[in-house]
Amino acid sequence: MNYDKYLHRNILCIDLKSFFASVECVERKLDPFTTPLVVCDPKRNGAITLAVTSYLKQKGIKSRGRVYELPKDINIIKVPPRMHLYQEKSLEVIQVYLKYISIDDLYIYSIDECFLDVTSYLKLYKLSDYNLAKKIIKDVYDTTHLTVTAGIVPNMLLAKVSMDIEAKHVPDNIAYWSYESIPDKLWKIKPLSKMWGIGHNLEKRLNNMGLYSIYDIAHESINKLQNKFGTIGIELWYHANGIDETLISNLNKEEVKDKSYSESQVLFKDYYGYNIPIILYETSLRLARRLRNNKKLTSLIGLCISYNSSIGYGFYHTMSINEKINDENKIYDYVIYLFNKYYKDNLPIRKIAITLGKLTDNNQVQLSLFESYEELEHKKDELYVIDDVKEKFGANAILPASSLLSYSTIKERNKKIGGHQA
C-alpha cells in the first residue's frame, strides 16, 4: 500500500507506567520496580485491585483482579486509592508536557495517557522526534519520579498501538514505528483483542469470519467488512492497515453546538463488561424512540461511563458517523463499539449516559450501499408500528426479550419516567 497520501505527523502517545501504584510508591520513597505494592481496599477481601507495581506485573500479577487472588507467599503492601492525589500528579505531568508544546497540540486521553503532536516543534528544538521524546520523558521523571512509556509514529492510532504493544516491553520504554514497520509489527498482532479498539465481543464476531490477526483484517475485503459492521467495518480495515487521519488540533476544536438528546442512568449495583450491554441497549432503545417521536435523525454518538466511588473516574467519548439514523439497533452498534474500545480492566460501572448529537430533521432518506429503499421503508414501518403500540398501551407493552433478565432495568425505568414518554 502507498502511504504517501496519508497522514505523516510526529505523534507521541505517552503513558504513565503503573500510574496509581507508582504514585503511592513515590509518596513512600519506594521503588515501584522492586516494591510489591497494590492499590485496593485493604479491608475488603473481594475488592478489585486497582493497580499493581511494575515489580508485581513482572511476576505475572495483573491489575483489576480481586484481593483474595493475590499470592500469599509475597509480603504485599496494600494501600487504599487516593484519586485526588492521582489527579494532582496527572496535572503535574501535563504541566511538563506544556513546557514543550502548546495545549492545542496536546490531547488528554485519560488520567495517565496523553497524545502529543510534536511535528511543529522539531525545528524549534533542533531535535528528532525520538530525542525530543527522550527529553520529555526525562523531564517527567526528574519532576515527578514517575516512569513513562511512549509510542512515536505518524498518526494517533499507531502511536497508541505501538505504546501498548511494544513500548512497555523494551529497555528505553519507547516504541518507534513507521508505516514501513506495519507488516512486521501491526499485522502480527493477535489475538485481535490485543489491538486498541477491538473488544472481546467484536473479536468473536471477527473470528467467526475467519479473521484472527490484524493481517487478516487488513487483507479482507473492505466491502465485506462494511456489509457486516457498517461504518465500524470501514474503520477496522483502515486501522488494520495503520491508517488514521485524526488530527489532535481538530479533536480539541470539536464542539457539539447543536441540540442533542441524552439519557443517563445511575445503576443500583456494580455492572461490568458482561452485563452492562443490556443497559446500553435499553438506553439506546429509549433514545431511538425519542428521535422518532420528534422526527429527528442523529449522526453523532456519545458514551459516558462512570465507575463506582472507590475508583472515582470514567470516560466520555464521541463518534461521528457517516449516516443519519434513528434505529436503536444501529445506535447500539456504535455505542457498544465505543464501550469496547475504551472500557478496560473490568472496572465496576455505576453510571452510564448516551448522547445523540448532530440532529437533523427526518425528511430525507439516506441509503447505504447494502440496503435497498424497500428494505429501509419496511424497517422504518416496523419501528413506527412498535412506537404506536407503546404510545397507546405504554412503553412496557413491547419490550426486548432481554428485559426478562435480572440485569435489566427498563421496566422499572419506564414506570418511573412515564409509559407514554419513554
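The following exercises, each with a worked solution, concern a predicted model of a protein.

**Exercise 1. The protein as a whole**

Task: State how many helices and strands the protein has, and what share of its residues is buried.

Solution. The count of elements comes to 15 helices and 13 strands. Turning to burial, 52% of the 422 residues are buried.

**Exercise 2. Helix α3**

Task: Determine how the reach of helix α3 compares with the expected value, and identify what covers the buried residues of α3.

Solution. Begin with the length. Helix α3 spans residues 83-97, which is 15 residues. From the first C-alpha to the last, α3 reaches 21 Å, close to the 21 Å expected at 1.5 Å a residue.

Next, list the buried residues of α3: M83, L85, Y86, K89, S90, V93, I94, V96 and Y97.

Finally, consider the cover over these residues. It includes the helices α1 (19-27) and α5 (129-144). It also includes the strands β1 (11-16), β2 (37-39), β5 (106-110) and β6 (113-117).

**Exercise 3. H317 in strand β11**

Task: Locate H317, and state which residues H317 touches when those up to four places away in sequence are not counted.

Solution. H317 belongs to strand β11, residues 314-325. At a relative accessible area of 9%, H317 is buried. Residues up to four places away being left out, H317 touches Y107, Y109, I301, G302, L303, L338 and Y342.

**Exercise 4. Helices α12 and α13**

Task: Classify the packing of α12 against α13 by angle, and describe the residues in the contact.

Solution. Helix α12 covers residues 276-293 and helix α13 covers residues 328-342. Their axes are 8 Å apart and the packing angle is about 140 degrees. Roughly antiparallel requires an angle over 145 degrees, so α12 is oblique to α13. The crossing is right-handed.

On the α12 side, the contact is made by I276, P277, L280, Y281, S284, L285, A288, L291 and R292. On the α13 side, E328, N329, I331, Y332, V335, I336 and F339 take part. Sorted by class, the contact has 12 nonpolar, two polar and two charged residues.

**Exercise 5. Helix α9 and its two partners**

Task: Describe how α9 crosses α7 and how α9 crosses α10.

Solution. Take α7 (residues 200-208) and α9 (residues 222-229) to begin with: their axes come within 12 Å and cross at roughly 125 degrees. That makes α7 oblique to α9. The crossing of these helices is right-handed. L202, R205 and L206 in α7 meet L225, K228 and F229 in α9. By class, this contact has four nonpolar, no polar and two charged residues.

Now take α9 and α10 (residues 231-240). Their axes come within 6 Å and cross at roughly 140 degrees, and α9 and α10 are therefore oblique to each other. Here too α9 passes α10 in a right-handed crossing. In α9, I222, L225, Q226 and F229 meet T231, I232, G233, I234, L236, W237 and Y238 of α10. The contact of α9 with α10 divides into eight nonpolar, three polar and no charged residues.

**Exercise 6. Backbone features in loops**

Solution. Most residues other than glycine have a negative phi, and most peptide bonds are trans.

P191 is part of the loop between β8 and α7.

How values were computed:
Residues numbered from 1 in each chain as written. Predicted model: local features only at pLDDT ≥ 70, side-chain atom pairs only at ≥ 80, totals over all residues. Heavy atoms only, no water. Helix = DSSP H or I, 4+ residues; strand = E, 2+ residues; numbered from the N terminus. Expected span 1.5 Å × (residues − 1). Buried < 20%, exposed > 50% of the residue type's maximum accessible area, 1.4 Å probe, protein only. Contact = heavy atoms within 4.5 Å. Axes fitted to C-alpha atoms, helices over the stretch in contact; angles between N-to-C directions. Parallel < 35°, antiparallel > 145°, perpendicular 65-115°, else oblique. Left-handed = near helix turned anticlockwise from the far one by under 90°. Nonpolar A, V, L, I, M, F, W, Y, C, P; charged D, E, K, R; others polar.
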